[in-house]
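Here is a short briefing to read alongside the model. Take a moment to look it over, and then walk through the topics below.

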Amino acid sequence: MVEWAKDGHDAAFRELVRRYERPVFSLVYRMVRDRALAEDLAQETFIKVLNGIRSYRPEFKFSSWIFKIANNAAIDHLRRRALDTLSLDGSPHALTPDEMQATALQIDGQQESPLDEVASRELGSQIEHAIARLRPEYRACILLRHVEGHSYEEIAQILDLPLGTVKTYIHRGRNELRVYLEGVHE
Amino acid sequence: MSEHPHNPHLTPDEIELWAQGLLRAARAIHLAECRECLTTGEHERKLQRDLARLPRFGPEFGFVERVMAKVRVQTPSGNFRP
């Protein structure tokens, strides 16, 4: 399929988008928790993938390459919009959940748009809230490992991180999730 | 439960393997003697199951067309078979 796309076949492009639109959108959506923005970032991802498909190196898994571009788009956005990140996660310099909560912005009293309401419904479960409280690096690792089923090695490749760091992030992320979900799992 | 030198607590990696049903029996037997590791393992298994059950979301209808409208396709498709 990728070879067909490299040859510029329109149908191969479409098929690649169809195959990966849900996993890519889901990852980005859970990273930024905004439907419209997630759609923009997912579009940006596929446009980069398809326009740059000739630079794809087959020694990497194609899905790893797509997720790398998608994750970079989400992380770049979160960095650019540090204020928005604060509203979700607290200060990026916060070291503990308490510090993160203490530095998080409160946005009470804002009117929800219809898309916000959809997001509230879709991302409203306790586990989704717990995932949202993770710092973005942990969140990406947990989603890639436990939702998308990537190996540690693939995640290291996707996120450009050493394997040991990925393991640490996943262990810490799971520990934090267990703390956030304490009581729910009792 | 105390940790026996010949039967140490499970490492985080081993807990993960146990939660996935992949830990070798010689180490899994530790859980029969250690409530601490068993509790951690059960929480881990529940968490991993809950994460694996999370739904995948899709973009709004027409996403493929919106992407394709912005992509530079170099040659038209003629003989592609999916």
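Predicted model: local features only at pLDDT ≥ 70, side-chain atom pairs only at ≥ 80, totals over all residues.

- Chain A has 186 residues, of which 38% count as buried.
- Chain B has 82 residues, and 21% of them count as buried.
- In chain A, 57% of the contacts between residues at least 6 apart in sequence join residues at least 24 apart.
- In chain B, residues 24 or more positions apart account for 50% of the contacts with a separation of 6 or more.

**Confidence**

- The mean pLDDT of chain A is 83, and 79% of its residues reach 70 or more.
- A stretch to treat with care is 105-109 of chain A, where the pLDDT is below 50. Beyond near neighbours in sequence, this stretch has 3 contacts in the model.

**Where the chains meet**

- The contact between the chains involves 34 residues of chain A and 30 residues of chain B.
- On the chain A side, the elements that give two or more residues are helix H2 (10-32), helix H3 (35-51), helix H9 (136-147) and helix H11 (163-180).
- H2(A) provides the largest share of that side, with 14 residues.
- By class, the side of chain A that touches chain B holds 15 nonpolar, 8 polar and 11 charged residues.

**The nonpolar cores**

- In soluble globular proteins, nonpolar side chains tend to be buried together.
- The largest nonpolar core here has 43 residues, and A:Val28, A:Ala42, A:Ala70 and A:Cys141 touch the most other members.
- H2, H3, H4, helix H8 (126-133), H9, H10 and H11 of chain A each supply at least two residues of this core.
- H2(A) gives the largest share of this core, 11 residues; H2(A) also gives the largest share of the chain A side that touches chain B.
- Leaving out residues up to four places away in sequence, A:Ala70 touches A:Val24, A:Leu27, A:Val28, A:Ala42 and A:Thr45.
- A second, separate core has 8 residues, including B:Ile15, B:Trp18, B:Cys34 and B:Cys37.

**Helix H3 of chain B**

- How far apart should the ends of this helix be? At 1.5 Å a residue, the 18 residues of H3(B) (residues 35-52) should span 26 Å, and the end C-alpha atoms are 25 Å apart, which agrees.
- Its buried residues are B:Cys37, B:Thr40, B:Gly41, B:Glu44 and B:Leu47. Seen down the axis of H3(B), they fall within an arc of 130°, so they line one face of the helix.
- What do the buried residues of H3(B) pack against? They pack against H11 of chain A together with helix H1 (12-19) of chain B.

**Helix H10 of chain A**

- In H10(A) (residues 152-159), the buried residues are A:Glu154, A:Ile155, A:Ile158 and A:Leu159.
- Seen down the axis of H10(A), these fall within an arc of 120°, so they line one face of the helix.
- The cover over the buried residues of H10(A) includes helix H4 (62-80), H9 and H11 of chain A.

**Two residues with positive phi**

- A:Arg33 is not a glycine, yet it has a positive phi of about 55°. A:Arg33 lies in the loop between H2 and H3 of chain A.
- A:Asp160 is not a glycine either, and its phi is also positive, at about 55°. A:Asp160 follows H10(A) and sits in the loop between H10 and H11 of chain A.
- Is A:Arg33 buried or exposed? A:Arg33 is buried, because 21 other C-beta atoms lie within 10 Å and 20 or more are needed to count as buried.
- Is A:Asp160 buried or exposed? A:Asp160 is exposed, because 9 other C-beta atoms lie within 10 Å and 12 or fewer count as exposed.

Notes: Residues numbered from 1 in each chain as written. Chains lettered and ligands numbered in written order. Contact = placed C-beta atoms within 7 Å. Helix = DSSP H or I, 4+ residues; strand = E, 2+ residues; numbered from the N terminus. Nonpolar A, V, L, I, M, F, W, Y, C, P; charged D, E, K, R; others polar. Expected span 1.5 Å × (residues − 1). Arc of directions from axis to C-beta. Core = buried A, V, L, I, M, F, W, Y, C linked by C-beta atoms within 7 Å. pLDDT = per-residue confidence, 0-100.
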